[in-house]
Amino acid sequence: MSVMKKLYDLLCGFEKVFFSVLFLFLSFAIVAEVLMRKMTANGFPWLEELCRYSFIVVSFLGSSIAVTSDEHPRMTALHSVVGPRARLVLILVSDVICTLFFAYMIPFALQQTGNSYLMGTLTSTIQLPLFIFFAVVPLAFAGMIVRNCFRMWETVKKLRGGAET
C-alpha cells in the first residue's frame, strides 16, 4: 500500500471519528434542549447556538465523507440506458464537474473565513470566534476535491483496463 493511500485512509478514519463524535453530541444536545424547553419552558441559548454551528460542521464534513462512499445523490436515468463503458465516462464527467465546482467555491469560503477572522466576529452567546466554524467550509471543499480526484483516478484505471461497473 502506498504512502499516499495510507495517509488518505488515516484522514478518512480521523474524519469519520470526528464526524461521529460531533454528530452524537449534536443529537444528545438537541434532545436535551427540547426536553429543557418542554419541562421548564426555557432552554439554554448557548446550547442552541452550539448546535446550530455544529450542524453546519457536520453537514459539510458529512458531504466530504459522502464523496468517498459515493453516497451523494446523482441522476442515474442515463446510467441505466447506456453501456458499462459509457456509464464510467458519465461518472468521470460528473466527477470532473463537481471537482471544478468545489475548486471554484474554495476562494469564496476562504474569503469569508478570512473576513470573519479579521473582523474578530464572535458567536453571540458562547463568544467563540466565528472563523473557527467557517474554516470547516473550505476544508470540506478541499476534502471533496481530494476524494473526487481519487475517484476519478480509479475510474480512469477502470476505463483503461476495460473493467465494468
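Methionine 4 is exposed, at a relative accessible area of 56%; exposed means over 50%, buried under 20%, and partly exposed in between, with a 1.4 Å probe and protein chains only. This is a predicted model, in which local features need pLDDT of at least 70 and side-chain atom pairs count only at pLDDT 80 or more, while totals for chains, interfaces and linings use all residues. Residues are numbered from 1 along each chain as its sequence is written, and side-chain values use heavy atoms, with hydrogens and water left out.

Methionine 4 lies in helix H1, residues 3-40. Helices here are DSSP runs of H or I with at least four residues, numbered from the N terminus. Val3, Met4, Leu7 and Leu10 make a nonpolar surface patch of about 450 Å². Patch residues have over 30% relative accessible area and no salt bridge, and nonpolar side chains (Val, Leu, Ile, Met, Phe, Trp, Tyr) are joined within 5 Å, like charges within 9 Å. A salt bridge is a side-chain nitrogen of Lys or Arg within 4 Å of a carboxyl oxygen of Asp or Glu. The areas come from the Shrake-Rupley method with a 1.4 Å probe, and for residues only the protein chains shown count as cover.

H1 has 38 residues and spans 54 Å from its first C-alpha to its last, close to the 56 Å expected at 1.5 Å a residue; the expected span is 1.5 Å times one less than the number of residues. After H1 comes alanine 41, with a positive phi near 60°.

The buried residues of H1 are Tyr8, Cys12, Glu15, Leu22, Leu26, Ala29 and Glu33. They pack against helix H2 (45-68) and H5, where contact means heavy atoms within 4.5 Å.

On the H5 side, arginine 147 sits in that helix, residues 136-161. Arginine 147 counts as buried, at 1% relative accessibility. Leaving out residues up to four places away in sequence, arginine 147 touches Tyr8, Cys12, Glu15, Ser64, Ile65, Val67 and Thr68.

The structure holds 0 disulfides, a disulfide being a pair of cysteine sulfur atoms within 2.5 Å. Cysteine 12 is in none, and the nearest cysteine sulfur, that of cysteine 149, is 13 Å away. Cysteine 12 is buried at a relative accessible area of 7%, and cysteine 51 also counts as buried, at 8%.

Phenylalanine 108 belongs to helix H3, residues 84-119, and is partly exposed at 42%. Phenylalanine 108 and proline 138 are 30 residues apart in sequence and 8.4 Å apart in space, C-alpha to C-alpha.

Note on methods
Helices (H or I, at least four residues) and strands (E, at least two) are DSSP runs, numbered from the N terminus.
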